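Me: I would like to go through the labels given to parts of this model and ask what each of them rests on. Please set the value against the criterion each time.

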Amino acid sequence: MPKKIITTKAESNLGPKAISISNRKGGVGKTTLTSVIAEELANAGYSVVMLDLDSQTDLTDINLSQNEDSNLFDLLTGQKALEEVVTELFSKGDKKIIPGSARVDEIQTGVSNTLAEIVDKLKETYDFVLLDHPPSLTELSRAGYIISDQLLIIAEAQQLSLKNLISFLLEIKKLQLKTETTLELLGIVANKVDHRRKLTGKMLIEYKRTYPELFFDNYIGVDTAIPNAQFNQETMRELPWRPITLSQFERVIEEMIQRLQYVKY
Ligand SMILES: Nc1ncnc2c1ncn2[C@@H]1O[C@H](COP(=O)(O)OP(=O)(O)O)[C@@H](O)[C@H]1O
Ligand SMILES: [Mg+2]
């Protein structure tokens with residue numbers, strides 16, 4: 001048995017948190033990280049609900065084998081009640097999802113207040129509300145940032161990512177100044193780290209130099225087990241072998257829990 005890394009719910013004194021997981025770039029691992037955080041936190045005894053804010057609905061597709069009738073669009077447009085859209089997922093712990101919809105981008109005005117009410121209500125029941133964002137700043141994504149307590153950024157250790165990240169963080173800064181959000185920055189996690197590539201090492205140094213406090217000490221390597229598991233709607237724990245990146249995810253999640261107790265950005 002590998003050593004337990006993640007502080008359990010019984011050992012922690014964290015209050016309920018709404019966390020946005022994002023980056024303005026696609027394909028960097030937002031959905032993957034959201035899904036693994038949910039599974040690992042549920043395993044550690046926390047109750048977790050994920051919200052799929054992306055009209056591409058990848059988070060929903062990798063977690064649910066069949067399409068649900070009720071989704072976030074129905075909830076936001078008042079056609080369905082919260083109990084009708086919160087969907088139970090297979091897990092040892094308490095893990096749920098509000099499935100996404102291709103239609104969420106149709107919703108424009110007033111979504112911020114509706115989402116705020118939904119998330120407040122969810123925080124009465126769940127320890128963690130995780131919001132998986134689209135790569136673009138849609139109205140729903142913007143509302144998601146405003147109503148979140150924290151923002152966790154995931155970045156790829158590749159060329160051009162840093163420039164993108166700087167402009168994304170400026171956008172968030174503007175949002176923090178212009179709105180009444182209480183959003184704080186939880187940090188930046190590097191994904192798909194491949195030490196065989198020279199550029200990766202250089203990029204990690206660049207990130208760390210640019211964002212010394214925000215940049216996580218722990219990161220996630222490249223691992224084909226990730227897309228493989230997702231293809232079969234499996235969690236990494238259900239694979240017949242233990243993927244190497246699982247311990248890396250656990251360390252990232254534990255660092256997140258530690259940071260949640262002392263956020264100051
Ligand atoms: N560490 C990793 N190693 C290998 N493949 C990964 C890793 N993280 C994510 N992926 C794969 O990269 C693709 C994009 O990931 P995803 O989480 O959907 O990104 P995003 O939500 O930012 O668009 C998916 O096919 C996913 O399986
Ligand atoms: Mg995604």
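Reply: Helices and strands here are DSSP runs, a helix (H or I) having at least four residues and a strand (E) at least two, and both are numbered from the N terminus. In those terms, Thr 57 has its place in the loop between β2 (47-52) and α2. The model is a predicted one.

Me: Why is Thr 57 called buried?

Reply: A residue is buried if 20 or more other C-beta atoms lie within 10 Å of its own; Thr 57 has 22 C-beta neighbours inside 10 Å, and therefore counts as buried.

Me: What makes the phi of Thr 57 worth a remark?

Reply: Most residues other than glycine have a negative phi. The phi of Thr 57, in contrast, is near 50°, a positive value in a residue other than glycine.

Me: Why does Leu 64 count as partly exposed?

Reply: Partly exposed covers what falls between the limit for exposed, 12 or fewer, and the limit for buried, 20 or more; Leu 64, with 18 C-beta neighbours inside 10 Å, falls between them and so counts as partly exposed. Leu 64 lies in the loop between α2 (58-63) and α3 (72-76), and, leaving aside its neighbours within four places in sequence, is in contact with Thr 87, Ile 97 and Pro 99.

Me: How do you know that α1 is largely enclosed by the rest of the structure?

Reply: Of the 14 residues of α1, 13 are buried, so the helix is largely enclosed.

Me: What makes the span of α1 agree with expectation?

Reply: At 1.5 Å a residue, the 14 residues of α1 should span 20 Å, and the C-alpha atoms at its ends are 20 Å apart, so the two values agree.

Me: Why are α1 and α10 called roughly perpendicular?

Reply: Their axes come within 10 Å and cross at roughly 80°; since angles of 65 to 115 degrees count as roughly perpendicular, the two helices are therefore given that label. Where they meet, Val 36, Ile 37, Glu 40 and Leu 41 in α1 face Phe 249, Glu 250 and Ile 253 in α10, and by class this contact has 5 nonpolar, no polar and 2 charged residues.

Me: Which helices each supply at least two residues of the shell around ligand 1?

Reply: They are α1 (30-43) and α9 (225-231). Of the 17 residues around ligand 1, those that come nearest are Gly 29, Lys 30, Thr 31, Thr 32 and Pro 227.

Methods
Residues numbered from 1 in each chain as written. Chains lettered and ligands numbered in written order. Predicted model: local features only at pLDDT ≥ 70, side-chain atom pairs only at ≥ 80, totals over all residues. Near = placed C-beta within 6 Å. Expected span 1.5 Å × (residues − 1). Axes fitted to C-alpha atoms, helices over the stretch in contact; angles between N-to-C directions. Parallel < 35°, antiparallel > 145°, perpendicular 65-115°, else oblique. Contact = placed C-beta atoms within 7 Å. Nonpolar A, V, L, I, M, F, W, Y, C, P; charged D, E, K, R; others polar.
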